[in-house]
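Hi,

Here is the structure I promised to pass on. Have a look at it first, and then read my notes below.

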Amino acid sequence: MSLLEIKNLTAKLADEDKQILNGLNLTVEKGQVAAIMGPNGSGKSTLSYVLAGREDYDVTDGEALLDGENILELAPDERAAKGLFLAFQYPIEIPGVGQMTFLKAAINAQRKKNGLGEISTPEFIKLVNGKAKELGISQDMLRRSVNVGFSGGEKKRNEILQMSLLAPKLAILDETDSGLDIDALKIVADGVNAMRSPDRAFVVITHYQRLLDYIRPDVVHVMAGGQIVKSGGPELALELEANGYADIVGKAA
Amino acid sequence: MPAVQETVEQVRSIDVDQYKYGFTTDVEMELAPKGLSEDIVRYISAKKGEPEWMLEWRLDAYRRWLTLREPEWARVHYPKIDFQDLYYYAAPKSNPAPKSLDEIDPAILETYKKLGIPLREQEVLAGVAPENRIAVDAVFDSVSVATTFKDELAKAGVIFCSISEALREHPELVKQYIGSVVPTTDNFYATLNSAVFSDGSFVYVPPGVRCPMELSTYFRINEKNTGQFERTLIIADKGSYVSYLEGCTAPMRDENQLHAAVVELVALEDAEIKYSTVQNWYPGDSEGRGGIYNFVTKRGDCRGARSKISWTQVETGSAITWKYPSCILRGDDSQGEFYSIAVSNGAQQVDSGTKMIHLGKNTRSRIISKGISAGKSQNTYRGLVSAHRRATNAKNFTNCDSLLIGNKCGAHTVPYIESKTASAVFEHEATTSKVSEDQMFYCMQRGLTQEEAIALIVNGFVKDVLQQLPMEFMVEAQKLIAISLEGSVG
Amino acid sequence: MNAVTPIRTAAEQSLISAYAALRAAGAPAPAVEDLRAQGYSRFEASGLPHRRVEEWKYTDLRAMMREAKPLAGAPDASTLLAAKVAVGNIPRIGGSRLVMVDGFYSPELSDTGTMPDGVKVTSLANAIVGRPEIVARLAGSAAAQANAAFALNAAFLTDGLVIEIAPGTDVGHVLDLISITSAGEARLINARVLVLVGEGASAGIVETHVGPAGTDYQKNVALQVVVGNGATLEHGRRQIEGDQALHLATLDADVGAGAHFDTLTLTTGAAVSRSQLFTRFVGENSKATLRGVTMLRGRQHADTSLLMDHAVPHCESKELFKHILDNEAHGVFQGKIIVQPVAQKTDGRMMSQTIMLAEGPAMDNKPELEIFADDVACGHGCTCGELDPDLMFYLKARGIPHGEAEALLVEAFAREAIEDFGEGPLGVVEELREAMLATILDWMRARA
Ligand SMILES: Nc1ncnc2c1ncn2[C@@H]1O[C@H](COP(=O)(O)OP(=O)(O)OP(=O)(O)O)[C@@H](O)[C@H]1O
Ligand SMILES: [Mg+2]
């Protein structure tokens with residue numbers, strides 16, 4: 001069974017009559033790293049939000065199966081509990097809520113759903129400090145409120161920190177590379193690579209080959225007009241880098 | 001940090017509409033005859049064995065009160081109160097003035113224990129480091145039933161006792177200060193309180209003394225149809241410091257009960273008073289039946305130069321809250337602070353805020369108010385900041401934010417900002433918004449349930465104020481807020 | 001408490017007899033008689049407002065209006081001639097000029113030659129004849145009706161102007177409306193202007209209120225505005241009344257769907273003045289910007305009181321008011337944003353800022369939010385203080401003299417409220433902005 005199977009997914013803005021996903025089909029296998037590329041506004045972030053359950057969108061048709069179960073009716077936290085993780089393109093700031101408080105609440109929510117007791121404070125601190133260090137996240141950042149006062153790149157690293165703490169089954173990384181400096185890009189990629197495993201999959205949304213040099217994808221999908229219009233191997237990304245989207249998108253449209 | 005987890009726990013485990021302090025205690029009470037008259041005022045004064053001047057003071061207030069009308073400017077609505085249909089005095093019959101804990105009705109001791117306020121010093125002492133000890137004055141309806149750690153405080157020269165006792169033991173101090181901050185003529189409820197106040201706490205900290213422990217009073221309304229009219233007077237003499245905390249609960253009843261307190265604080269030169277309140281009177285049910293009418297006058301006078309008074313309040317209870325803890329910044333270089341969290345849910349109505357009156361030079365004040373409205377409640381911040389002509393270089397910073405949860409509640413902000421001095425710098429900012437959907441989604445994407453996410457975000461919203469509370473009460477207050485917002489989503 | 005006012009002040013008594021006389025003389029139309037009676041009955045019930053009436057807390061009209069001046073009659077030929085000279089000295093802003101003398105529209109002094117098609121200007125006395133829809137509009141919003149100054153204005157309703165802008169008309173230039181008080185014995189001037197901006201039309205109007213110095217005339221004016229769906233109105237106002245005058249002005253505006261309303265007031269005149277703005281969104285997706293600059297010296301008193309009513313969803317309002325106070329002047333700002341239960345997705349931001357140039361002035365602020373809908377982003381801010389000493393020092397360190405440094409900073413402070421006025425589709429109010437900035441600089445120069 002595939003880890004993620006999206007069939008004919010159609011979604012519109014909740015507030016407006018604007019359809020963004022137009023019968024999208026996509027399958028992601030366990031252990032796979034799938035890259036999604038596509039022009040600005042093609043609906044990549046929308047896809048990730050719809051999968052994670054953001055309320056701004058209405059699904060009007062289709063389904064999305066995670067481990068064979070349709071997740072589209074579930075609340076966002078239930079989807080998270082099922083192992084879905086989204087690294088946001090624009091991480092949200094939560095003033096007043098301490099980073100550590102937040103991380104602990106998320107970890108404990110997950111543990112509880114798995115029938116585990118709460119994590120002890122020393123264990124938690126050790127865990128976070130270890131991961132933070134790997135990702136070059138300073139103690140000072142851990143002391144601040146969630147994403148408040150973080151630079152663009154720091155926010156992205158923070159998303160990856162959360163991912164590694166929550167160890168999801170399926171991680172969707174929405175332009176996690178944008179805003180990262182070269183060293184950080186390498187650190188983030190190492191973080192992802194270290195987590196690659198036969199029963200975990202990644203969907204990496206990006207505009208640049210650069211990230212894919214570090215995180216080698218198994219497949220590359222091209223999205224345009226709210227659909228996957230072409231799929232191929234890693235060489236597809238190189239092709240896009242050289243020629244742009246005009247050929248593919250033009251043909252599909 | 002653990003508090004959030006606890007909050008989250010609490011939110012999960014508590015039923016909607018559950019007020020955990022809603023039980024009643026069965027003790028035989030002695031009540032004054034119902035209604036209000038000069039005779040009742042005399043009755044109360046006699047019961048307390050007060051000096052003649054105090055009776056005259058009360059009678060003056062009573063006569064004045066007869067000429068006053070209930071204020072109507074606040075954004076609160078309730079049926080007219082029949083002041084003749086209340087009991088103005090209720091004391092446990094067994095022993096209204098117990099000399100030691102052994103004389104107290106065990107049912108009352110049990111009540112406080114259930115509320116988490118042990119009155120036996122040895123129980124408090126067990127496992128508590130000396131610096132974390134808290135002295136408690138326990139007021140049950142109209143009388144103080146016990147005050148703990150009095151002897152230890154006395155060693156430091158600190159007087160901490162019920163106001164009734166202070167009137168007997170330290171009449172000259174009481175006479176000098178009572179009514180000097182909130183005059184008997186101040187307002188309808190304060191005047192009523194002056195006539196019929198029953199009990200409350202008295203604190204005097206002598207010059208240069210830093211009070212060796214936190215002081216606290218725990219108010220409990222138990223009897224039906226009884227108004228509670230407590231009076232608290234705290235005097236911090238030159239260069240002294242005291243931190244005081246007040247807590248309150250009441251049984252769940254279908255009728256409304258009146259609580260009209262007066263609190264006066266006096267800070268002399270270089271003195272500091274920190275006054276914290278966790279107000280959790282019974283709020284009524286979600287339909288607005290029952291609950292306490294909390295009509296309170298609290299005022300602090302920074303009488304001496306460089307004195308400081310700081311009010312922190314967490315208001316989650318009461319059907320109606322009408323209270324404006326204020327600071328008169330009379331001494332040069334004096335400072336006033338007001339930190340407030342007011343949570344309203346169900347049919348609660350809150351009209352609360354502060355007054356910072358800058359009279360002295362270089363006076364500073366700071367107001368941080370966080371209002372959270374849910375259910376069908378109405379939550380109003382009302383405040384005054386003023387600088388008089390001679391208050392040169394006065395400074396105020398005000399931040400009042402309101403958060404709305406659900407679309408049936410209201411949040412209102414009514415500040416008055418009056419300056420008569422060019423060199424005074426006033427800055428005021430206010431915002432009203434709802435819990436951000438983006439923040440909710442972000443938290444839920446990380447696996448938190450809707451209620452957990454709300455609790456977390458609300459805790460973030462009120463954090464600046466919570467931090468002002470003494471450590472021991474921060475966790476308690478955090479839980480209380482989460483419980484108060486129970487059932488506000490979904 | 002404010003319902004019963006048993007003892008009438010001298011001013012109240014004169015107003016009562018003035019009304020009786022007006023009634024005896026008869027009204028231009030029966031409908032006017034009704035409007036007057038409605039306004040009068042409100043005045044009769046509560047009298048002149050005083051400080052215990054919350055909305056008048058800081059402007060105690062009963063105390064400030066010791067006596068009421070006799071009601072001004074229509075100007076005679078010599079008055080008009082004198083007014084013509086005075087009006088001629090006021091530089092024109094925009095295209096057509098409309099002139100009211102002592103509250104009466106004067107076609108002779110007006111210049112409507114360049115008036116674009118689609119704009120109809122009629123004296124109020126003529127406009128109401130046989131036009132029930134106009135009469136209905138004149139009744140005003142509930143908020144205005146409940147207001148004491150507006151009620152008095154209704155009680156003495158006689159003349160003024162009705163400006164109708166046909167749907168789709170782009171006026172293309174500003175209507176320059178002068179409201180002048182003639183010299184001579186001090187009187188009470190009462191005028192009403194109604195502006196109806198048709199659907200999709202756009203227009204700009206500038207009001208200038210002037211009068212003689214040294215006489216304590218009284219003026220109570222009301223401007224009612226209906227901005228139709230998809231319409232735009234930019235409204236400027238200069239209050240440069242004589243130094244002894246009492247000036248009361250009410251703006252009552254209804255803003256339709258997808259409409260745009262921008263208003264800017266510069267107040268430098270009158271001994272006592274109050275500008276009231278009642279603005280209400282009646283259609284969705286609209287925007288209103290209310291702003292003002294008040295500069296007071298001596299013992300001048302000026303009050304700006306506004307009510308922004310978000311009665312429908314998806315509207316945005318912005319309120320920005322600046323006060324510059326010198327000597328012993330007294331400034332007042334009361335602003336209230338109401339968000340009704342249905343008005344989700346409201347955006348409302350209000351700011352009031354004050355600079356005091358001397359030790360003596362007083363400023364009272366009361367910015368209020370009254371919010372009954374949850375999906376809103378509303379806020380208000382308020383600051384009060386002297387000019388930033390660090391900035392003053394920096395300027396002086398660069399060799400700029402004290403007075404000039406003050407003028408620079410005050411101008412920058414005021415400019416914020418003026419700067420983007422008329423940035424909307426019209427863009428023809430540049431002249432007004434320039435004129436206002438010039439007034440501000442003149443005002444600062446006059447201090448030295
Ligand atoms: N909440 C929203 N409100 C209005 N428009 C939206 C919303 N969400 C998405 N859209 C529109 O839907 C389209 C797809 O947006 P989306 O963010 O999914 O694109 P994307 O492929 O992620 O683009 P990018 O590469 O720039 O990140 C765009 O036209 C966008 O403007
Ligand atoms: Mg995107």
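Let's start with a question: which side chain meets that of A:Arg54 in a salt bridge? The partner is B:Asp438, with 2.5 Å from N to O. Keep in mind that this is a predicted model, so please read everything here as computed from it.

That pair sits in a wider picture. Across the interface of chain B and chain A, the rule picks out two salt bridges, and it also gives twelve residue pairs in polar contact. Helix 10 of chain B gives the most, with eight residues. If you sort the chain B residues that touch chain A by type, you get nine nonpolar, seven polar and six charged.

How many residues does each chain put into the contact? Chain A puts in 37 residues and chain B 22. Together the two chains bury about 2500 Å², and 65% of that is on carbon and sulfur atoms. In chain B, the residues losing the most area to chain A are B:Phe441, B:Tyr442 and B:Arg446, which together make up 31% of what that side buries.

Now for chain A itself. It has an open sheet of four strands in the order 2-1-4-5, with antiparallel pairing. Strand 2 (19-28) and strand 5 (69-70) of chain A are the edges, each pairing on one side only. Strand 5 is joined to strand 4 (residues 57-66) of chain A by two bridges, and A:Leu66 has A:Glu69 as its bridge partner.

Cheers

Technical notes:
Residues are numbered from 1 along each chain as its sequence is written. Chains are lettered from A and ligands numbered from 1 in the order in which they are written. This is a predicted model: local features need pLDDT of at least 70, side-chain atom pairs count only at pLDDT 80 or more; totals for chains, interfaces and linings use all residues. Side-chain values use heavy atoms; hydrogens and water are left out. Two strands pair if DSSP finds at least two bridges between them. Contact means heavy atoms within 4.5 Å. Buried area is the accessible area (1.4 Å probe) that two parts lose on being put together, summed over both. A salt bridge is a side-chain nitrogen of Lys or Arg within 4 Å of a carboxyl oxygen of Asp or Glu. A polar contact is a pair of N or O atoms within 3.5 Å; within protein, one must be able to donate a hydrogen and the other to accept it, and residues adjacent in sequence count only if both atoms are side-chain atoms. Ala, Val, Leu, Ile, Met, Phe, Trp, Tyr, Cys and Pro count as nonpolar, Asp, Glu, Lys and Arg as charged, and the others, Gly among them, as polar.
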